[in-house]
Amino acid sequence: MSIWWSLHLRREAASVPLARRLLMGTMETAGVDPDISYDLSVALSEACANAVEHGGGSAHGGMSEAYRVTAYLDGETCRIEVADSGPGFPVGRSRPHTLPSRADAEHGRGLCLIEELADHVHIGNTPGHGGAVVSFDKILKWKQTAPLAAV
């Protein structure tokens, strides 16, 4: 069984817990192991927080006051994508720098956390449209009583 949903959210701090709660509810209903659900919810929160903080303005006329979250639970994998219409990552770099400048830094740890919590991560710009896209996936583990577990 596959489950997917997509949200178009305002770039407001209140949108971050909304996306996180929807993901957690979906995973709980499907019977995903709580530790996996928690890891993905933290990664989603970090990606959404980045979109809220950095995703404004667009060189191509996109809606700078919104960002999009899409989640797919398909078979044994969950894939999440967060896309904004901001300036994106600097052009000419093959991959954005994901390590914080200092271990005690209050900013710059979100992408690093996402990479630690997910199995595969892609960080880049939206082709031809401006804006950043952070997508990540994780192999799911299921509770023994999971109603929607992949077989």
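Setting aside neighbours within four places in sequence, V69 touches W5, S6, L7, L9, L44, C48, E81 and V82. V69 sits in strand β2, residues 66-74. The model is predicted. The chain contains 3 helices and 5 strands. Their order from the N terminus is β-α-α-β-β-α-β-β.

**Chain overview**

- The chain has 151 residues, and 41% of them are buried.
- Take the contacts in the chain with a separation of 6 or more: 65% of these join residues 24 or more positions apart.
- The disulfide count is 0.
- C78 is buried, since its relative accessibility is 0% and the cut-off for buried is under 20%.
- C112 also falls in the buried class, with a relative accessible area of 17%.

- Is V69 buried or exposed? V69 has a relative accessible area of 0%, so it is buried.
- From V69 to I80 the C-alpha distance is 7.3 Å, and the two are 11 residues apart in sequence.
- Among the contacts of V69 are L44 and C48. L44 and C48 also belong to the α2 side of the contact with α1.
- Y72 is another residue of strand β2.
- Y72 has 38% relative accessibility and therefore counts as partly exposed.
- Beyond its neighbours within four places in sequence, Y72 contacts I3, W4, T77, C78 and R79.
- One of these partners, C78, is buried at 0% relative accessibility.
- Y72 and L23 are separated by 49 residues in sequence and by 9.9 Å, C-alpha to C-alpha.

**Helix α1 against helix α2**

- Helix α1 covers residues 15-30 and packs on α2 at an angle of about 155°. The axes are 9 Å apart.
- Angles over 145 degrees count as roughly antiparallel, so α1 is roughly antiparallel to α2.
- The crossing of α1 and α2 is right-handed.
- Which residues of α1 meet α2? They are S15, V16, A19, R20, L23, M24 and M27.
- On the α2 side, the partners are S37, Y38, L40, S41, V42, L44, S45, C48, A49 and V52.
- By class, the contact of α1 with α2 has 12 nonpolar, 4 polar and 1 charged residues.
- P17 lies in α1. Its relative accessible area is 34%, so P17 is partly exposed.
- P17 and S45 are 28 residues apart in sequence, with 7.2 Å between their C-alpha atoms.

**Helix α2 against helix α3**

- Helix α2 spans residues 34-54, and helix α3 spans residues 110-117.
- At what angle do α2 and α3 pack? The angle is about 155°, with the axes 9 Å apart.
- α2 and α3 are therefore roughly antiparallel to each other.
- The crossing of α2 and α3 is left-handed.
- α2 contributes D39, V42, A43, E46, A47 and N50 to the contact.
- α3 contributes G110, L111, L113, I114 and L117.
- The contact of α2 with α3 divides into 7 nonpolar, 2 polar and 2 charged residues.
- V42 of α2 takes part in the contact with α3, and V42 is also listed in the contact with α1.

**Inside helix α3**

- Which residues of α3 are buried? They are G110, L111, C112, I114 and L117.
- These buried residues pack against α2, β4 (120-125) and β5 (132-139).
- L113 is also in helix α3. At 33% relative accessibility, L113 counts as partly exposed.
- L113 still belongs to the contact with α2.
- L113 and A43 are 70 residues apart in sequence, yet 6.7 Å apart in space, C-alpha to C-alpha.
- A43 is one of the α2 residues in the contact with α3.

Note on methods. Residues numbered from 1 in each chain as written. Predicted model: local features only at pLDDT ≥ 70, side-chain atom pairs only at ≥ 80, totals over all residues. Heavy atoms only, no water. Axes fitted to C-alpha atoms, helices over the stretch in contact; angles between N-to-C directions. Helix = DSSP H or I, 4+ residues; strand = E, 2+ residues; numbered from the N terminus. Parallel < 35°, antiparallel > 145°, perpendicular 65-115°, else oblique. Left-handed = near helix turned anticlockwise from the far one by under 90°. Contact = heavy atoms within 4.5 Å. Nonpolar A, V, L, I, M, F, W, Y, C, P; charged D, E, K, R; others polar. Disulfide = S-S within 2.5 Å. Buried < 20%, exposed > 50% of the residue type's maximum accessible area, 1.4 Å probe, protein only.
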